[in-house]
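Please keep the sequence and the coordinates open while reading.

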Amino acid sequence: MSFTLHGLPVSGGIAIGQAHLMSHATLEVSHLHIAPRQVEREVARFDAALAEVRDEFASLKDRMQHAPGEFGAFIDLHTMILADPELAETPKQLIRERRCNAEWALVQQMEVLVGQFESFEDQYLRERSYDVRQVVERVIKELVGQPGRMALRTGKGVKEEDLIVVAHDLSPADVIAYKDHHFAAFVTDVGGSTSHTAILARSLRIPAVLGLHNARQLIRDKEVLIVDGTRGVLIVNPDARVLDEYRLRKSQIELERSKLRRLKTAKSSTLDGVDIALHANIELPGDVANALDGGAEGIGLFRTEFLFLDRGDMPTEDEQFEAYRTVVKGMGGRPVTIRTFDLGYDKDLHPEKVVGDRMQSNPALGLRAIRLSLAEVNMFQTQLRAILRASRHGKIKLLIPMLSQAHEIDQSLAAIERAKSSLRGENVAFDEAIEVGAMIEIPAAALAVGLFLRRLHFLSIGTNDLIQYTLAIDRSDEQVAHLYDPLHPAVLMLLAHTIASAEKVHIPVSICGELAGDASLTRLLLGMGLRQFSMHPGQILSVKQRVMQSNCSELAPLVRRLLRHEEPGKIREQLEKLNG
Ligand code: PEP
Ligand code: MG
């Protein structure tokens, strides 16, 4: 039966391929009855998985020796849960008595334990149910042979290029692991269009649709799918006519793309001769090739926290130095803006490995980004030293995420000074004049931008979070995705105010949120005075095309007029005029 689902268009293009269903460990463990003669083998499999996870915790503890005490305490707690007979022995009883497979036995016992913890009055004890789940999740992953993240396995004779991944949810870490794969597209039930999962999908340059609600349930393995990532449409089991239509659209899109490629070496300037810097956002050193291929004149945002996510522990100073140096050397003298870790919120694959027991009820408003870096002094110093060491190999700028208070700026600058002086003490060379800038991604920062302009060398507006915090909508929650509106008058006011304030004092300002790569907004931003954009490499050429067709001096008065409106209809009408 053919049917169509609608979700959030997250990464453009069309893919036609075969459904490949992904499963989440504890959600979907298989429930198998085993033969009596297999019971002891199943028990041994369970013991082996426990031993593997126990060893993993022990080696983690070793590596964390110099980390703050809470890291160790956290790992101790998980080791204790793992060794508890309720978890280590009772499932074996279930395997023997109920003849169920190890995964199923463990999940049954987990439900019992979680129920017990959740019934405690004491909040601390109640919250330990989360630890039980985490420990069980690890053992299950070990049992199903996919520690760390979901595995992508192709069937016999099926190429990855023909597969469309269908998942209930993918973490940013899952997606980053896919950078080493070449599948055709992916779709998920949950996730917002500016979630980090979505951002990574765009960087994979494959079509993606998120927020399909129950695609994972409705679709079967190997069914034929069409993903229209531009319109947010997923067609399951299309008939021949629809398939033909989409094949045609796919080749038209490919033709458009090849035409755009001719602009790669064209100068990025407007009709009235204003130069516009178009930079790339990257997540890993391996993305540099894409950035150059897309025609980037620099890296406007290197999201360094992704160095963590597919490994789950902290990279050492030397490892980080190598990563930063690779990027800066790869960019051959072009500027590279390195953002310090933006961990927390949706980017903790293994929170127990990285930042200890810091579970929060509202992580988007919690200890995220610079707040976490300032709390984790050693982690921050390690990163700053690595960035500074790399700064002698090219033009590096340092970008701090999620600042809102003057004292956080001052503390960050003091931390940079401390890292500098430790390097000086060791006679290690670095760029003494390294520029330091702030992400403007909290409304308070945009409104009180003077605090930033007086203390820093440059600003970069993170519209993904700025919109999230201005409109109070979780960017990774598809249920409120329809409220995510870059054209909300409050958002436009904050953007215009930040850009104009920076311009007045000649401090460079760029936008590195997803909005910068949306060619339908390029003229609006040029009219506000923006002269630097940073986006996914794949978006640079379409934005460049728009830049080359625009005239800044004509746009400025039109945008001033647009900004006088508050009514959404009027704003859209004016935008259409700009783009017309
Ligand atoms: C932003 O918030 O707009 C941004 C660029 O940072 P991130 O998407 O990594 O939060
Ligand atoms: Mg952000």
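## Cysteines

A search of the whole structure finds zero disulfides, a disulfide being a pair of cysteine sulfur atoms within 2.5 Å. Cysteine 552 has its closest cysteine sulfur in cysteine 512, at 20 Å, which is too far for a bond. Cysteine 552 is buried, with a relative accessible area of 4%, and cysteine 100 is buried as well, at 1%; here buried means under 20% relative accessible area, exposed over 50% and partly exposed in between, with a 1.4 Å probe and protein chains only.

## Basis of the model

This is a predicted model, in which local features need pLDDT of at least 70 and side-chain atom pairs count only at pLDDT 80 or more, while totals for chains, interfaces and linings use all residues. Residues are numbered from 1 along each chain as its sequence is written, chains are lettered from A and ligands numbered from 1 in the order in which they are written, and side-chain values use heavy atoms, with hydrogens and water left out.

## The magnesium site

The magnesium ion (ligand 2) is coordinated by Glu441 (OE) and Asp465 (OD), at 2.0 to 2.1 Å. Donors are N, O and S atoms within 2.8 Å of the metal (3.2 Å for Na, K and Ca), and water is not among the atoms, so sites may look incomplete. The two residues are 24 residues apart and link distant parts of the chain, with glutamate 441 in the loop between β13 (435-440) and α18 (443-447), and aspartate 465 in helix α20 (residues 463-471). Helices (H or I, at least four residues) and strands (E, at least two) are DSSP runs, numbered from the N terminus. Both glutamate 441 and aspartate 465 are buried.

## Strand β13 and its neighbours

Strand β13 is largely enclosed by the rest of the structure, because five of its six residues are buried. It runs parallel to strand β12 (residues 396-400), to which four bridges join it, and leucine 398 stands opposite valine 436 of β13. Four bridges also join β13 to strand β14 (residues 458-461), again in parallel, with methionine 439 opposite serine 460 of β14. Two strands pair if DSSP finds at least two bridges between them.

Together β12, α17 and β13 make a right-handed β-α-β unit; a crossover is right-handed if, with the strands pointing away from the viewer, the path from the first strand over the helix to the second runs clockwise. Helix α17 (residues 406-425) includes leucine 423, which counts as buried at 0% relative accessibility. Leaving aside residues up to four places away in sequence, leucine 423 touches Arg385, Leu388, Arg389, Val428 and Phe430, where contact means heavy atoms within 4.5 Å.

## The eight-stranded sheet

Eight strands form an open sheet with mixed pairing, in the order β1-β8-β7-β3-β4-β5-β6-β2. At the edges stand β1 (3-6) and β2 (8-11), each with a single partner strand, so one side of each is left without a neighbour in the sheet. Within the sheet, strand β3 (residues 14-21) and strand β7 (residues 224-228) pair in the antiparallel sense over five bridges, and isoleucine 14 has aspartate 228 as its bridge partner in β7.

Helix α8 (residues 196-204) lies across β2, β5 (185-188) and β6 (208-210), running at about 50° to β2. Helix α10 (residues 240-260) lies across β3, β7 and β8 (233-236), at about 120° to β3. Axes are lines fitted to C-alpha atoms, for helices over the stretch in contact, and angles run from 0 to 180 degrees between N-to-C directions.
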